[in-house]
There are 2 protein chains.
Amino acid sequence: MYKQVIFILILALSGSLSAQQDKQFTLEELIPGGKDYASFYPRIPVQYQWNGNSLAAIRNDSVWMIGNPARINKKTFIIRFNKIEEGMADSLGSISRLTFSREGSSVVQFHATGGTGLYDLKTKTHLSFFRYPEQSDNHLLSPDHTYLAFTKENNLYVTDKNGREWPVSDESNSGIVYGQAVHRNEFGINGGIFWSPSGRKMAFYRMDETMVSDYPLVDVSARVANVKNSKYPMAGMTSHRVTIGVFDTTTKETIWLKTGEPDDHYLTNIAWSPDGKSVYVAELNRAQNRMQLNRYDASTGHFDQTLFEENHSAYVEPENPVLFVKGNEEQFIWQSRRNGYNHLYLYDITGKMLKQLTDGTWEVTEVTGFDEKGEHLYFISTLPSPLDRHICSVALKSGRITQHNTLPGMHTAMLSASGRYLTDRYTAHDNPGRIDLIDTSSGKATLLSRAENPFGGNNMPTVELGRVKAADKVTDLYYRLIKPAVFDALKKYPVAVYVYGGPHSQMVSNRWRYGSGGWETYMAQKGYIVFVMDNRGTSYRGSAFEQVTHRRLGVVEAEDQMRGVEFLKSLPYVDSERMGIHGWSYGGFMTINMLLRYPGVFRVGVAGGPVIDWKYYEVMYGERYMDTPQENPEGYEESSLLNKADRLQSRLLIIHGDEDPTVVMQHTLQFLKASIGAGTHPDLFLYPGHGHNMTGHDRVHLHEHITRYFEDFIRKE
Amino acid sequence: MYKQVIFILILALSGSLSAQQDKQFTLEELIPGGKDYASFYPRIPVQYQWNGNSLAAIRNDSVWMIGNPARINKKTFIIRFNKIEEGMADSLGSISRLTFSREGSSVVQFHATGGTGLYDLKTKTHLSFFRYPEQSDNHLLSPDHTYLAFTKENNLYVTDKNGREWPVSDESNSGIVYGQAVHRNEFGINGGIFWSPSGRKMAFYRMDETMVSDYPLVDVSARVANVKNSKYPMAGMTSHRVTIGVFDTTTKETIWLKTGEPDDHYLTNIAWSPDGKSVYVAELNRAQNRMQLNRYDASTGHFDQTLFEENHSAYVEPENPVLFVKGNEEQFIWQSRRNGYNHLYLYDITGKMLKQLTDGTWEVTEVTGFDEKGEHLYFISTLPSPLDRHICSVALKSGRITQHNTLPGMHTAMLSASGRYLTDRYTAHDNPGRIDLIDTSSGKATLLSRAENPFGGNNMPTVELGRVKAADKVTDLYYRLIKPAVFDALKKYPVAVYVYGGPHSQMVSNRWRYGSGGWETYMAQKGYIVFVMDNRGTSYRGSAFEQVTHRRLGVVEAEDQMRGVEFLKSLPYVDSERMGIHGWSYGGFMTINMLLRYPGVFRVGVAGGPVIDWKYYEVMYGERYMDTPQENPEGYEESSLLNKADRLQSRLLIIHGDEDPTVVMQHTLQFLKASIGAGTHPDLFLYPGHGHNMTGHDRVHLHEHITRYFEDFIRKE
């Protein structure tokens, strides 16, 4: 029955598409939040998870199990979500997903709207429920499934399956926050609760923000507009103070790691030793140019040892905690860019480096995990091209590196318990998404499931990949170029450059349509050439590539983007008199930056949520790239757009969410003020009630608004 | 020497102008705040004040005296301001103006930046100094020149000439305000300090705003944006509580008038009895449909008597306190629109109406004062045309009304002590401003001083006056129509309609160029026809004309403006496909209102500081015209623009000051939100740091921005 359903679906799809070869896609179809977006977003119909060495296949709310990965066609129907929902003594709402046991147990954790719990797939019985208290958040079940940790307002609690609740913190001052992500989610931080391997103890963050200035966000949806203050430490100003507690579920007592002074340091990448006796913390100074990997006693909080230290003249940026070698409590993996690229290092717990496991002018981007015996470590890498992500493994003993996938593209992997098999989920410019099963011993790949091309037989705008030399005349920069479906090289086309250009980003890679998004398709449909290029300062190309922008954001990035512009101007079919540029966040900064540093190049710019002056940006990200305004006044001056507002010659639309807590509206308003003083005329639009990005259906309006501005001032003039 | 200076100036002026017959004026020249605005704004070079029956003439900082108004050429030089400044024991800064004694004393009050004081022009000696304490405000000298009252932060103080200071209030709660204007300056209120005639006592307002909700205004000019809360009672919500204190300078004690309940009533138009024993207060209920004129004992605060009461089904709106007849402590004048037009009534202090002094389908707009014997009351009126303001007097005994000026125009008067002479300051469509001396016995008028036409011999856009019938097909509405200087009736011209349309306004009157402002000239220079019309709901035409909009603001006003549009469309030289509309505040409301009620009429609208929904407007003004949202839900719904955002077909630019305390930014932001939801696309601009109006040089930028929007979407499309 399962195969039949697919067959019917495909028929229906191709039938409807063959009748629409020249369909012009609407923003409702192309933009996330659009009414018809889901129909045109590539979707792999079946999802997979390892359950030991068996493979669970989930399609919608039904679960099958493939007992032997060598015979993927032999699968057994297991259960539907609603069967689990029905069996609950007290409803926890609908189930959105299951977490299977990596070890192969038949007990799954289900995640429902109102709580979580354990269910035995074999006996078809519920084992436990953990109801989420009202307005609670950050729910995290302990590894032994005994306790659920959660936060409510700013406090941290644990509860057991009987609903008994223990407060871990009892703070009335809302400026002090427990159990949540700190340091504004930099340094790889995405949560504030860290269970020990056994689940007996729980490390957690405490953040004191009482000394941080409030940034006022005004909510106009209330009867009378009211202020929601946001603790926002701006570059060079007083920052918050973070400490780490360890809660013992047995004694219900908390000890504090003695992380010491100065207290505006960064406590990042928390990890437990396998025996649960120690906590590892990667500690950075506020200047972010020194990292110490420190170990603390989890029972007393005493500082144990600095295992090693990393220093860099620009900055260090650990984003991954220590990872212990499977079955070996004495050794761990550390990721570092100390030699210019992110690589894997093997350490022992005395802090001695045993071996550099990977090396070269490429980066490890993600660690997948160990095989059963801890002999091979699987990871994702940019080897051999930064446009791709390949699944590799390294043999810890020999250092031999094996690539497991064959086709280029962006791959991620999940490993079976033994390590014999992995699922390879990937996409490439001509592949909207598929999942293969790879036998790591033979290298054989078998298709598990794949997404259809959502645009079917339509004559779509074409996406080309290419490279230009950076302003240094040496470095290759990658671009994608989107052309209208019906393209006449003898005509002249207007151009829309889409830009981001900041750290932690890569816009161009070998994913579906080279990463080209719905708005690019839309603009190409309207007859624009769209161009997107990753300048220096972006990611996955090593430290030198990224850090060339250090202390003067916007300068080198703009020089590089101008090489892209020159390339565009060299194309006979480009109308260089009708070029526009658009970007969001760092890309908003870049958009205005380009207009002001190179007046006359672009006729139009649309900047969303733009940084205008880095002094209004936050401490963690801002000081990493710019140092403080006190330390680097010339750099801040050079990067600032406030002092360049008089140079505006183009049409510039600035868009901001009026409750943006990330790039606060002060940026845009101060730029307006500077422009008014300088007698220049940017335009403005605000999205009330929105934060840094417009989500939901309003995102369609946003792209209509952006497009309209291009049309108004590029096409009609 | 005096005459010679004028002569040279005129020569210089006309010389420079004759060389510029076709000058195109810039916004810097046409807009207040512009760098060259002062050169092109009509300025009467000499100002006059009565000093008893002598006439003081002030030109820049020099003072002359005309001892006998019958011989105006015989004038004596008296003093220059800097002479008075030099003589100060301790500098109070530079003097901006002098207040001469109406009784004819040689003692003048000078007003300097740092204080005020008395100076004897005869003896050329200083009599007293009152230094303004730092950050003090609302300075008011007692009539006997003994005490200076002032406010500092929210408290009220008096000081004497020796610098001794007495706190009248000592309030630490900033939500309670003393000595300042209350009720948001409605009901003619423009201050909070009221000296008794002798200067022994001082009545003052106390306003408790602690129960009023805060509206957050965000100041982005600070290092980190911060909130300045503004107490803003919105329609239907809890309002502030006002009481009246009386401070006795002899005892330094305060008593409170027992004004009673309900305490959200309005205490307006405070006046003293001539003997200083009673205080008169015009009290309105919150619904504003009942006014009681009440008298209180100034020594005890006890309620004495309700003299009379006025009721109206829509609203009553007293804006002038009782005025005692000169030399008669038993009789006073009361202004009321009780018969549909604002007229003068003579009362005695028992509350008995003795006589209606004026009557007819015209209004008294201002009372000038009594002659020496209290036999004639001088006033300004709309008799015979609402486009003009004439100087009239009424004989209290006979009721005979005399008009004292001859030429049409907008006149204001100041009366000599005897009442024999008056200065008549006026302007008319062809008169940029002049001051005549009128002998009230002979009616003879003599020119004192006049402004030059600042545009000299230039070929300026023409301004025409005319009338169209209102939507009721009966009422005349007045308009002005501005045409380009070089006009060809065979061509088609685009149109800019400028609109206000709300209560308390009159845009079209017989003043210089019929009131046409600099932006209208600028637009006409650019080839637009500009049209401005006062619809029903505006002022000086009586209650019925004004109150036809009651409880449904925007409906009748728009119907009337559409009659103006139809008139425009009937003109052969109007391009009805290229019409735009612009207005500010109520005019911003009207602009959007017109676009949404009559989609397709205007291609472009520019709305500044617009009211979008009256529920976000304040209690005093809002409830007068709309009642509360609870009482009038249908009217609020009908007036609201939020529920009509889907009807937007035109290009609409909304402009707001981001610290607007009058029409708060919630209006504009909520309209954006509604538009986003409806899929329509208004445009936006904000002026950071500005309130309800853009002042200073930014006002030039504003008008450039408005003009650009018209040009973008009317001319270029």
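Helices (H or I, at least four residues) and strands (E, at least two) are DSSP runs, numbered from the N terminus. The peptide bond leading from B:E261 to B:P262 is cis, with omega near -15°.

This is a predicted model: local features need pLDDT of at least 70, side-chain atom pairs count only at pLDDT 80 or more, and totals for chains, interfaces and linings use all residues. Residues are numbered from 1 along each chain as its sequence is written, while chains are lettered from A and ligands numbered from 1 in the order in which they are written.

## How the two chains are arranged

Two copies of a chain are related by a rotation about an axis and a shift along it. Here, a rotation of 180° with 0.1 Å of shift along its axis superposes chain A on chain B, with an RMSD of 0.1 Å. That is the relation of a two-fold axis. The superposition is done by least squares on the C-alpha atoms of residues with pLDDT of at least 70 in both copies. Which residue of chain A comes closest to the rotation axis? It is A:L684, whose C-alpha is at 2.6 Å.

Now to the place where the chains touch. Two residues are in contact if their C-beta atoms, placed from the backbone, lie within 7 Å. The contact takes 34 residues from chain A and 34 residues from chain B. On the side of chain A, the elements that give two or more residues are β16 (214-219), β17 (226-231), α10 (666-678), β43 (683-687) and α11 of chain A. The largest share, six residues, comes from α10(A). By type, this side of chain A divides into 17 nonpolar, nine polar and eight charged residues. In this count Ala, Val, Leu, Ile, Met, Phe, Trp, Tyr, Cys and Pro are nonpolar, Asp, Glu, Lys and Arg are charged, and the others, Gly among them, are polar. Of the interface residues of chain A, 100% are also interface residues in chain B, so the copies meet through the same surface.

## Cores and a covered helix

A residue is buried if 20 or more other C-beta atoms lie within 10 Å of its own, exposed if 12 or fewer, and partly exposed in between, with C-beta atoms placed from the backbone. A nonpolar core is a set of buried Ala, Val, Leu, Ile, Met, Phe, Trp, Tyr and Cys residues joined through C-beta atoms within 7 Å. The largest such core has 200 residues, and those with the most contacts inside it are A:V495, A:V530, A:F531, B:V495, B:V530 and B:F531. Apart from it lies another core, of 93 residues, among them B:A112 and B:W362.

Not counting residues up to four places away in sequence, B:V530 touches B:I482, B:A496, B:Y498, B:E520, B:M523 and B:A524. Helix α4 (residues 518-525) of chain B is mostly covered, with seven of its eight residues buried. These are B:G518, B:W519, B:E520, B:T521, B:Y522, B:M523 and B:A524. They pack against α2 (27-30), β37 (476-483), β38 (493-499), β39 (529-533) and α11 (698-715) of chain B. After α4(B) comes B:G527, whose phi is positive, near 100°.

## Two crossing helices

In chain A, the axes of helix α6 (residues 555-570) and helix α7 (residues 586-597) come within 10 Å and cross at roughly 75°. Axes are lines fitted to C-alpha atoms, for helices over the stretch in contact, and angles run from 0 to 180 degrees between N-to-C directions. α6(A) and α7(A) are therefore roughly perpendicular to each other (65 to 115 degrees; under 35 is roughly parallel, over 145 roughly antiparallel, and the rest oblique). A:E557, A:A558 and A:Q561 in α6(A) meet A:M590, A:N593, A:M594 and A:R597 in α7(A).

| Residue | Phi |
|---|---|
| A:K473 | near 65° |
| B:F187 | about 55° |

Are they buried or exposed? A:K473 is exposed, with 7 other C-beta atoms within 10 Å, whereas B:F187 counts as buried, with 22 C-beta neighbours inside 10 Å.

Another loop residue, B:F455, lies between β35 (445-450) and β36 (462-469) of chain B. B:F455 and B:F40 are 415 residues apart in sequence and 6.7 Å apart in space, C-alpha to C-alpha.
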